[in-house]
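Biologist: Please show me the model, and let us go through some of its packing and pairing.

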Amino acid sequence: MGEKLSFEYAPAPESRAIVSIKPKYGHFIGGKFVAGNKHFPTINPATEEVLSQISLAGKSEVDAAVKAARKAYSSTWSKMSGKERGKYLFRIARIMQERSREFAVLESLDNGKPIRESRDVDVPLAAAHFFYHAGWADKLEFAGLGTSTKPHGVAGQIIPWNFPLLMLAWKVAPALAAGNTVVLKPAETTSLTALLFAEVCQQAELPAGVVNIVTGDGSTGSLIVNHPGIDKIAFTGSTEVGKIIARAVAPTNKSVTLELGGKAANIVFEDAAIDEAVEGIVNGIFFNQGHVCCAGSRLIVQESITEELLEKLKNRMAKIRVGDPLDKNTDLGAINSKEQLLKIRELSATGDSEGAERWSAPCDLPSKGFWFAPTIFTGVTQSHRIAREEIFGPVLSVLTFRTPQEAIDKANNTPFGLSAGVWSEKGSKVLWASQQLRAGVIWANTFNKFDPTSPFGGYKESGWGREGGRHGLSAYLKGVSHE
Amino acid sequence: MSFYGLVDGSEASLKKYLSTLSGVDQVGADARAAMLATRSIKTSSKRWAIDTAISMVDLTTLEGADTAGKVKALCTKAVRPDPTDASVPSVGAVCVYNDMVGIARTHLDLIGGQHVGVAAVSTAFPSGRASMAVKIQDTQDAIDAGASEIDMVIDRGAFLSGRYIEVFDEIVTIKEICGTRAHLKVIFETGELVTYDNVRKASFLAMAAGADFIKTSTGKVAPAATPPVVLVMLEAVRDFYAMTQVRIGVKPAGGIRNTKDAIKQLVLVNETAGPEWLTPTHFRIGASALLNDLLMQRMKMDDGYYASPQYVTVD
């Protein structure tokens, strides 16, 4: 010994023995699992292994779910005191914590995200959302939203594949706390943790029909959006689908919140703490394979430090561990689907053809499954497609600026406005920049930090309304009088 | 001296050099260190890490109650940490007070431990509160007695009051005394410098002044070698290498008591400075109790169960 210099980490896979995946799933309607008619496979994107068959809900299943939700709303949930509702939410939160490892492993299997993230971020945050909203359930009169608020009734909720369980928690927890019942549809590639959550609802003895989960694709989503028995729509996903939903609900009485795409600017000033800025850039764009609507996908860096920063960034990117999502040392997992991988490839190719310079971290990508190496494009300008369109993958566009105002102008010059980051050791500059940036969340000297107490949502094409905090709660109530 | 062309020895040039350093964001540094602490090091990699860590230990006794007998026992342990298993490597060095250096060197040589260094703590360790003449004599004595490594403390009072040039000059002076006979490790006592900005500044100051190693702590002040402090120092040696092509070593000391802590340190090295630092030439761990835990874990990996503590020697 002593000769070998390199410290190779032996595989440290989390055991998947803790999860039991059924060969076939139905829907969760009226407190029971009911068999589906048509099925489609859900796969592990890291291996392309078929994990299970998921049901595709059609009109009859969506009708049944809405009916069950309406019945639960009228007969049970709307009559229950906030204190009692809160008890159920606390119970769900505790069970999620108790079964956290099961949720984490299942999420990584179905989604492709590293176990480190599902274990340390997704699942704890999902439980935190239930704990937080459990506390609001009996205090709605004191939330500063007026004293005569009422739930909407039945909420239809459609969630994306990037944070399946966490997005479920963002949607279900406030809806239930406010007194609504829900019909939720997980994304077609990532239904498994939602179906496990249905088991948790049973375990918590949540009254039948308060939570209904129907699985399926966009056609199922459309049935929910257009269902006359639904009072409120909450959607997280692409801006393209968000616009379709906005059109669909425009002539109806439905309330709607939309949490859509982003192309966030991560601005690094020359007086930033540079090593931590590099960490923040990595966390901003490579967290969750870049499948994050608020990802810091545009690095806007002051010209005077560009060279030094990029060298450090490349050095750091070379240390990103890409591979088996269940390995506890993996930093970057699999791209969620073949479709998404093709989209990332296509948009990256436009970066090449439009003259930006591509650099990818040297790493061995597994031969099976969907993978994309952490990549940056330098020499990107505002008119490049990769500076304007959401890639939703581990691809960073690097732009430069000379003056603070130029940084702000470039950051705001986008149809989106979900999040932004500012890096500087100078407090006055951070505060000034934060006031100029038109985005729903601004992170100062950090990135991708989430907390149930903090409202999250976008400007412009990034969405309508907020989720989390009091603001998010208000979206699930009517008769809100804003102070 | 050229100071790598970074400073010319004047206060003005030192100030200018230190002013070019970027700040350290405490929250971010803490978060990065915490993330790296989640690395799961198992099986073959754990075995490699344990042996590597053993070879990096500066086996230390720094007590008023130290005697020749105690120091000799430590030396024996240093050469052959596990008397029942010859495949266990020797540690990097023994680390003792000035007056124990001769005893340690003689005993090591006697028992076939020529390859194990003797490190002497110096410059009025641990406080650094003495005149320069005393600090010089302290160092000279130790080298004359056979110390191959000098672990000097900086004057934290001078550093905290902004008299960086004094700290710089002290290091330069001690380095001159070390010459080619001894390696110089510069101890910051990070628990007294407190901020990561100070740790980064002290690192660059000491490296330019001629330190071969930068070391966190004396072991007499808590907190000592916390993972974020070591992270900041590893970033400093990495950046210094990029500037000068000279690889400065890092020595965390204080508070690293078990195998888990030691492996976390090696992960920090691997993913911050890089694998080139994963050798006793560039990374040492100042410790006393750690060695026995490394030995216990090593036995556990071989035998599959934890042995009674009576199977490792208490020295």
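Biologist: How many bridges join strand 3 of chain B to strand 4 of chain B?

Modeller: This is a predicted model, where local features need pLDDT of at least 70, side-chain atom pairs count only at pLDDT 80 or more, and totals for chains, interfaces and linings use all residues. Residues are numbered from 1 along each chain as its sequence is written, and chains are lettered from A and ligands numbered from 1 in the order in which they are written. Strands (E, at least two residues) and helices (H or I, at least four) are DSSP runs numbered from the N terminus, and two strands pair if DSSP finds at least two bridges between them. Strand 3 (residues 117-122) and strand 4 of chain B run parallel, and the number of bridges joining them is 4.

Biologist: Which residue in strand 4 of chain B is the bridge partner of B:Ser122?

Modeller: Strand 4 of chain B covers residues 149-153. B:Ile150 and B:Met152 point one way from the strand, and B:Glu149, B:Asp151 and B:Val153 the other way. The bridge partner of B:Ser122 is B:Met152.

Biologist: Why is strand 4 of chain B described as largely enclosed by the rest of the structure?

Modeller: A residue is buried if 20 or more other C-beta atoms, placed from the backbone, lie within 10 Å of its own, exposed if 12 or fewer, and partly exposed in between. Strand 4 of chain B is largely enclosed because the buried residues number 5 of the 5.

Biologist: What is the angle between helix 9 and helix 10 of chain A?

Modeller: Axes are lines fitted to C-alpha atoms, for helices over the stretch in contact, and angles run from 0 to 180 degrees between N-to-C directions. Helix 9 (residues 274-286) and helix 10 (residues 306-317) of chain A have their axes 10 Å apart. Their packing angle is about 55°.

Biologist: Which residues of helix 10 of chain A does helix 9 of chain A meet?

Modeller: Two residues are in contact if their C-beta atoms, placed from the backbone, lie within 7 Å. From helix 9 of chain A come A:Ile274, A:Val278, A:Ile281 and A:Val282. In helix 10 of chain A they meet A:Leu309, A:Lys312, A:Leu313, A:Arg316 and A:Met317.

Biologist: Which helix gives the largest share of the side of chain B that touches chain A?

Modeller: In this interface, 29 residues of chain B are in contact with 23 residues of chain A. Elements giving two or more residues to the chain B side are helix 2 (26-36), helix 3 (43-56) and helix 12 (259-272) of chain B. The largest share, 7 residues, comes from helix 3 of chain B.
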